Amino acid sequence: MSVDATAIVSPPTRTVVVDTLRDEAGVWLFVFKTLLAFYLTGWLAMRFSLAQPSTAMLTVIIVANRQSGMVLAKSFYRAIGTLAGAVAAFVIVGLFPQQRELFLLALSLWIGLCAGGATLYRNFKSYAFVLGGYTAAIIAVPVINHPPAVFDSAVARISEVLLALMVSGAVNDVVLPSRMRDVLRRTARAQFAHFIGFVQGSTGGTIPRDAMENAHLRFVRDAVTLEDLRSSVIFEDAEARARSGHLKLFNQRFMAASTSFQSLHHLINRLQRNGQTASAKAIIELYAPIGAALDAPIEAGAAAAILLPRLVAARKTMAARAPLLRHGLVGPNAVRDFDTGASLLLRFVEELHDYVESAASLQAPRLVLRTPERVNFERGNDFASAGLAVFRTTLTMLVLGMFWIDSAWPMGGSAMLIATIFAGLFATAADPVRATRSILAGYATGMTAGFLCVFFVLTRMDGYGLLVAGTAPFLMVGLMLLMQPSVASYGLGGCMGFAYILAVKNPMVFDPSSFLNDVIAQLIGLSAAAIAFIVVPPAIGSHWLRRRQLERLRRQVTLAAEAPLAGLRQRFESVNHDLFSQIVAQTAPGSADSRALIAWALAVHETGGALIALRQDRLTHRMPEEVDRCIAVAIDALARFYERPDSAGYARTRDAVANAIDRASAEPSARPLLDHLHLIRLALLDGESAIADYMSPTPAAQESTHAS
Amino acid sequence: MPREIALGDALVPGLLLLFVFSLALLWLIDWLAGRFGLYRLVWHPPVFRLALFVCVFGGLALLLF
């Protein structure tokens, strides 16, 4: 005991010190790598006598990130955006070389459209759009008085940016890279272990509703995180890229399996609440072999492959056990409930097997040379908020452009550029006003530091080595700030302001008056962006957008009911997950809003999943016209109800589904469809779900006893 | 191969085209190596990749000069 006690007491100080050092070492490594890339780029840009080495150096700062994969991903999309922006600048200057009003209008529209496009994507894809917008401005605005120079301007800009991207990509990839591959591997493994553990732990029967909600939250977050990581890691690791398809499939199967799993548990819960304990017990008993099969130690290595034969065996046991359990039930309703549960359970085992199989193929050291089926993680986007971003950015540009023309302000172009950059960059941020404000503060600080550096330090320096020595200490502070999450945007502003205003050239120019004019223009431009965010507030986080997202989520059921079936399951699942994670990220956890949303998400998820399965079976099973028509009416009623939920619609849907069940149960060929219909019906009658509000009290109670 | 090539009447250094070509070639090699797990045989894949690129590009550039 005493040995244990000392062992517990002494490590803390040591671990704390070691952890701190490891953390600090990571930060310093980042600072060192960024500085290396920064000065290497500057030196090369000067050797190649590019027009503005400072642009290249600024680019290094912008793509700087602790993770190598992030740098590479961001660089990749930045390169695409820069090239697209250059082409756009070309076209715009070519169309309106002489009319400055039309030129500014076209440019503003292009930038606005790019900012709108950026809100439609997560990750760095949105960054490519922002870049496409402001690169056009950066290339076209300086040559507004001398259009023939646009080609040179474009070439200079592209070479500066691409040089910086290549250098920082190479430095981050080669010099002590910090890999996200391991994070991805750990995340995938944790997702797998958690899900298997959860399934195994819940074979005992009921899970309370809030535990289900939490589990759903966790499943969704796991799926979305994995997708986000995957989209960055493929840039840093050739093997991860080769396995990317497998990883997508793994994630897709995870979503499918977790959906069936949740439906199953909702069903068991409902049966128990309605007093149908016999059939609930039978389902739980049928379920037990899965728990036994999964009861294997999950460790690194070939663990997933171990589970496969066990699952196959469990499926056999279940198939043998089902008729016995069914035989033991009394009454047609209990048998019907059991059948519904059993078919759901079989589907779940199928999907679980697929999921484990793809996990096993991911864990295998050698890649199986078989192209997995193509799956895509689709996102749920809102075009209204994109339209808002278009409007805001275009408006900012137009106002600044008009001010520039009317006041004939020499630095107007510079102010306009910086406003564009930030209006685009923060269109997707959660709280852009605050972000812009702290960037603005950072920018001001960075430019003050730049002033000190340029006029008090660099005037005494000579040669590139001394330039590095003179500027590095200022930049180090900014980069350190950048690594502290609480002041990251301040630090980013500081670094960008410093690198911008430094305007390293060869030979260096020292001109305090143009320096100060530029500082003022920058600050005005940034403030204009901040004001734009106040005047046209972003939709993210607003009540309006939340209502729209909720509508969109409900319309997922309509999608499940009406969209073409090919690939629909994956489309439904991934859009659902994406929408849900957006909503969760934008609402306070535990608030009334968030609870209502989660309740709706669960209802949509379950009903939509069942609807897709129903439609798939309806295609493969031929049945009389009459029955088929009834089922079509029920599907349509469901779609309408979820589109616009009200009490009348609820009653109509309930009756349509009941009618379809009556017709289908009289028809032996419609037998497999009956299970799905029954599942939908039970979900409709659930008194604890989101749609409970639309049930009129008395008939619902009658219906529920009648149905069960 | 000429040292400068006119693309749409803009003079482009031949080296640039070779650079782009080497990038494409490297991308192909990278894809194959990832596909067959060849990077497991290498101590530091990114350095190897960079070195390979320098070799490929340098070798091709020797054709010009």
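Start with two domains of chain A. The centres of domain 1 of chain A and domain 3 of chain A, taken over C-alpha atoms, are 47 Å apart. Domain 1 puts four residues into the contact between them, and domain 3 puts in seven. On the domain 1 side, the residues touching domain 3 are one nonpolar, two polar and one charged. Keep in mind that this is a predicted model.

Where do these domains lie along chain A? The assignment gives domain 1 as 2-178 + 380-535. Domain 2 is 181-235 + 244-363, and domain 3 is 543-707.

Now, helix pairs. Two packed helices are described by the angle between their axes and the distance between the axes. Here is one pair from chain A. Helix 17 of chain A covers residues 432-457, and helix 20 of chain A covers residues 512-535. Their angle is about 175 degrees, and their axes are 9 Å apart. Angles over 145 degrees count as roughly antiparallel. Helix 17 and helix 20 of chain A are therefore roughly antiparallel to each other. Look at who makes the contact. Helix 17 of chain A brings residues including P432(A), L440(A), Y443(A) and F451(A). Helix 20 of chain A brings residues including P512(A), F515(A), L526(A) and F533(A). And the classes? This contact has 19 nonpolar, three polar and one charged residues.

Next pair, still in chain A. Helix 6 of chain A runs over residues 125-140, and helix 16 of chain A over residues 412-425. These two pack at about 175 degrees, with axes 9 Å apart. So helix 6 and helix 16 of chain A are roughly antiparallel to each other. From helix 6 of chain A we have V130(A), G133(A), Y134(A), A137(A) and I138(A). They meet L417(A), T420(A), I421(A), G424(A) and L425(A) in helix 16 of chain A. How many charged residues are in the contact of helix 6 with helix 16? There are no charged residues; the contact has seven nonpolar and three polar ones.

Last stop: chain B. Nine residues of chain B are in contact with 10 residues of chain A. Which helices of chain B each supply at least two residues of the side touching chain A? Helix 1 (14-35) and helix 2 (45-61) of chain B do. Helix 1 of chain B gives the largest share, four residues. By class, the chain B side splits into five nonpolar, two polar and two charged.

That's my tour. Questions, please.

Conventions
Residues numbered from 1 in each chain as written. Chains lettered and ligands numbered in written order. Predicted model: local features only at pLDDT ≥ 70, side-chain atom pairs only at ≥ 80, totals over all residues. Contact = placed C-beta atoms within 7 Å. Nonpolar A, V, L, I, M, F, W, Y, C, P; charged D, E, K, R; others polar. Axes fitted to C-alpha atoms, helices over the stretch in contact; angles between N-to-C directions. Parallel < 35°, antiparallel > 145°, perpendicular 65-115°, else oblique. Domains from an automatic or database assignment.
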